[in-house]
Amino acid sequence: MRMLMTVLMCDVVLGAAMALYLVAAWRKCKGAIAENGWNPDCADPICGNMWLICFVPVAGILYYLISGEMIGVLSVTDKESVNGVVSVCYGKLSFVYNEGHEMG
């Protein structure tokens with residue numbers, strides 16, 4: 001029982017830390033993202049279920065990595081230079097953010 005409580009507490013602390021980091025990173029980079037031509041309302045990773053996702057062990061870590069990296073990429077990438085499409089890759093996993101363009 002003690003081991004289960006330790007794992008649960010670590011999950012709660014890690015989930016809260018990941019969620020707070022995403023909120024802080026978004027607030028810091030939101031202006032730069034808008035200046036680069038991206039729509040901040042569409043790119044916002046702070047959704048209603050983000051708080052729940054961050055506390056699911058594997059899904060929370062993936063969401064944290066993808067969202068954090070995407071915030072960084074969008075804040076330094078001009079929308080017109082990449083035709084509104086950016087991607088983040090982790091090994092063989094590739095995640096694409098496409099703002100208003102058809103994928104071909």
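What covers the buried residues of α1? The cover includes α2 (40–43), α3 (50–53) and α4 (57–76), where buried means under 20% relative accessible area, exposed over 50% and partly exposed in between, with a 1.4 Å probe and protein chains only. This is a predicted model, so local features need pLDDT of at least 70 and side-chain atom pairs count only at pLDDT 80 or more, while totals for chains, interfaces and linings use all residues. Residues are numbered from 1 along each chain as its sequence is written, and side-chain values use heavy atoms, with hydrogens and water left out.

**Overall layout**

- The protein chain has four helices and two strands; helices (H or I, at least four residues) and strands (E, at least two) are DSSP runs, numbered from the N terminus.
- Going along the sequence, you get the pattern α-α-α-α-β-β.
- Along the principal axes, the C-alpha atoms of the protein chain fill a box of roughly 55 × 30 × 20 Å.
- Of the 104 residues in the protein chain, 32% count as buried.
- Take the contacts (heavy atoms within 4.5 Å) in the protein chain with a separation of 6 or more: 57% of them come from residues 24 or more positions apart.

**Helix α1**

- Helix α1 covers residues 2–35, and its 34 residues should span 50 Å at 1.5 Å a residue; the end C-alpha atoms are 50 Å apart, which agrees. The expected span here is 1.5 Å times one less than the number of residues.
- There is a bend of about 45 degrees in α1 at C29, taken as the angle between axes fitted to the seven residues ending there and the seven starting there.
- C29 is also one of the buried residues of α1, a list that includes G15, M18, L22, V23, W26 and I33.
- An α-helix has 3.6 residues a turn, so residues three or four places apart point the same way.
- K30 belongs to helix α1 as well, but at 39% relative accessibility K30 counts as partly exposed.
- Just after α1, G37 takes a positive phi of about 95 degrees.

- S67 is in helix α4 and is buried, with a relative accessible area of 9%. Leaving out residues up to four places away in sequence, S67 touches L22 and P45.
- S75 is in helix α4 too, and it is buried at a relative accessible area of 16%. With residues up to four places away not counted, S75 touches C29, A32, I33 and N36.
- I46 sits in the loop between α2 and α3 and is partly exposed, with a relative accessible area of 26%. Setting aside neighbours within four places in sequence, I46 is in contact with L22, V23 and W26.

**Aromatic pairs**

- Searching the whole structure turns up two aromatic pairs. The rule: rings of Phe, Tyr and Trp (its six-membered ring) pair if their centres lie within 6.5 Å; planes under 30 degrees apart count as stacked, over 60 as edge-to-face and the rest as tilted.
- Y21 and Y64 have ring centres 5.6 Å apart and planes at 65 degrees, so this pair is edge-to-face. The pair links distant parts of the chain, with Y21 in helix α1 and Y64 in helix α4, 43 residues apart.
- Y21 is partly exposed at a relative accessible area of 43%, and Y64 counts as partly exposed at 26%.

**The salt bridge**

- The count comes to one salt bridge, meaning a side-chain nitrogen of Lys or Arg within 4 Å of a carboxyl oxygen of Asp or Glu.
- The partners are E99 and K79, and their closest N and O atoms are 2.7 Å apart. E99 is in the segment after β2 (93–98) and K79 in the loop between α4 and β1 (85–90), 20 residues apart.
- Both E99 and K79 are buried.

**The β hairpin**

- β1 and β2 pair in the antiparallel sense over six bridges; two strands pair if DSSP finds at least two bridges between them.
- V85 stands opposite N98 in β2.
- The two strands form a hairpin with two residues between them, and G91 in the turn has a positive phi of about 65 degrees.
- I46 and G91 are 25 Å apart in space, C-alpha to C-alpha, and 45 residues apart in sequence.
- For K30 and K92, 62 residues apart along the chain, the C-alpha atoms are separated by 28 Å.
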